[in-house]
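Please look at the structure shown here and read the report alongside it, taking time to find each part as it is named.

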Amino acid sequence: MTVYETDVPGVGRKFELELGGGSRLVVLLHHDGRRELFVRPDPDGDSERFADLTGEQARKLGAILGGAYFQPVEFSSASVPLGDAIIEWVTVPEGSPVAGGTLADSNLRDATGASVIAVQRGPDTIANPDADTTLEAGDVLVALGTRDEHAELESFVTAA
Amino acid sequence: MADLLLQAGIAIAVLAVVGLLAHRFGQSVIPAYIVVGILVGPNAPVVQGVSFNLLERYEFITLFAELGIVLLLFFIGLEFSVDRLLARRGEFTRAGTVDFVANAGVGLAIALAFGFTPLEAAFVAGIVYISSSAIVTKTLVDLGWVADPEAEPVLGVLVFEDLVIAVYLAIVSAVATGAGDPFTSVGIALAFLVVLFAVARFGGPVAERVYAHDSDEQFMLGVLGTLVLLGAVGLAAGVSEAVAAFFLGMAFSETTHVERIERILSPPRDLFAAVFFLSIGLQTDLGTVRSALALVVVAVVLTTATKLASAYYAGRTYGLDQRRSVRVAVALVARGEFSLVLAAIATSVGTGALGEEIPAFAVGYVLAMSILGTTLMRYSDVITDRLAATN
């Protein structure tokens, strides 16, 4: 993908982005911060102006386009180093069967297949908790397992 | 004091009103400012015993106009794009040379045919040669052509013209204003030009450091102070304030201050340039324009033709198709601020036809060409459709 950058004396700078199929997106950056957006459908066509943004609007749009504002999960490109296993978390509700007992008491791994790899309690993180770590209502259990195991874990922890 | 304030108020208010009208009709503001200057100036028409005269060419107007010239040329130097000079050098040089030979050549021929001296003819050649960067660039952006390939040859030719006009201004004003032996005055001017060129070439890093100031206010005062002082030195050395301002602009174009200058100094430039156009109108006597009418008509017809042809050639040189080349052709027709800067320099020289006839010609010519140029651009689709239909 090529970006062409040229000076427009007295106005600002112009950027052209190839969109494929001969069409181009043209961004004109004025010295006063204004940004005009054009699209040229084919090399012989005329550019259509489709947006005229202030500096602030442009920065907001730029953040959205750059993914800083909201980042959708792209499943096709996400790579998972753990095979089928993923990391999920579940909050221990009031009256949960596991609340008040140790991790060993809860028998979580045998019952669901998921392993608890950390417990988040308020601002504190208990990493790699051992068998006699006591679980409390409000704890967030960070666990490693397949999707099915996570489903099991969730229903086990939140069972009344 | 109240009187002075009133005069300034009237001047700025009439500019505001006609500027608004020009925008409403999709026209450039330059002809509007000139026309209102003629209408309310000392040569205002008298209708049924009532004169429209509101303004004289007061001292502050002359000063503002002078600052307008300096700032206009400073910005041209600032926006002078070395990138553009080096990119597509072959096309750039060919298009620019044809543009110069065709338009300045025909201007020179017309003026000599009308019986002007060679120096006067050189002024006429400059006035009809140079397209208006202000009008052309503004209309390019308004119409969205700036995003299309036709922007390349248009901006290329404008940059080439800027380069030519800097050298041209230096030589012509040296010859015209220099007392006594023209060779001595050209020598002094060329020496000063070499100094200026060195400033433009090597002054960048110094300007970079010296003007790096956090406060926008100090920054503006620093740049403006340097600019106006150097302009005064330029005028004293006989190369004209405009040339000095151009080269200082080039020095700044090599620094990171460019965008800050664009942001901070554009407002004062717009104010002073508007007053400059107004003052051109104020000093114009319609009677003199009428006496130069034959010259204006001949120049408008012939130089519209040569500009269309040379600019069409520029489009073809840059490899554009017929439709886009026609757009390049109509885009470059408008003449404006530089023709008027030349007229102002001619007035300040004041000898022979330079005093009245040539400035009057320039005003009539710019009025016609600025309106014709903008109108041709707005209706270029009609022209290109016609051409497509006949093919």
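The model is predicted. In chain A, four strands form an open sheet in the order β6-β9-β7-β8, and their pairing is antiparallel. Because β6 (86-91) and β8 (124-127) of chain A stand at the edges with a single partner strand each, one side of each is left without a neighbour in the sheet. Neighbouring strands of this sheet are turned against each other by 25° on average, if direction is ignored. Within the sheet, strand β7 (residues 115-121) of chain A pairs with strand β9 (residues 140-145) of chain A over five bridges in the antiparallel sense, and Q120(A) stands opposite V140(A) in β9(A). Helix α4 (residues 147-157) of chain A packs on the sheet, where it touches β6 and β9 of chain A, and its direction makes about 150° with that of β9(A).

In chain B, helix α11 (residues 216-237) and helix α13 (residues 258-282) pack with their axes 10 Å apart and at an angle of about 90°, which means that α11(B) is roughly perpendicular to α13(B). The residues that make this contact are set out by helix in the table.

| Helix | Residues in the contact |
|---|---|
| α11(B) | D216(B), F219(B), M220(B), V223(B) |
| α13(B) | R260(B), I261(B), I264(B), L265(B) |

By class, this contact of α11(B) with α13(B) has six nonpolar, two charged and no polar residues.

Between the chains, 15 residues of chain A are in contact with 17 residues of chain B. On the side of chain A that touches chain B, the elements giving two or more residues are β1 (3-8), β3 (23-30) and β4 (35-40) of chain A, and by class this side has six nonpolar, three polar and six charged residues.

Key
Residues are numbered from 1 along each chain as its sequence is written. Chains are lettered from A and ligands numbered from 1 in the order in which they are written. This is a predicted model: local features need pLDDT of at least 70, side-chain atom pairs count only at pLDDT 80 or more; totals for chains, interfaces and linings use all residues. Axes are lines fitted to C-alpha atoms, for helices over the stretch in contact, and angles run from 0 to 180 degrees between N-to-C directions. Angles under 35 degrees count as roughly parallel, over 145 as roughly antiparallel, 65 to 115 as roughly perpendicular and the rest as oblique. Two residues are in contact if their C-beta atoms, placed from the backbone, lie within 7 Å. Ala, Val, Leu, Ile, Met, Phe, Trp, Tyr, Cys and Pro count as nonpolar, Asp, Glu, Lys and Arg as charged, and the others, Gly among them, as polar. Two strands pair if DSSP finds at least two bridges between them.
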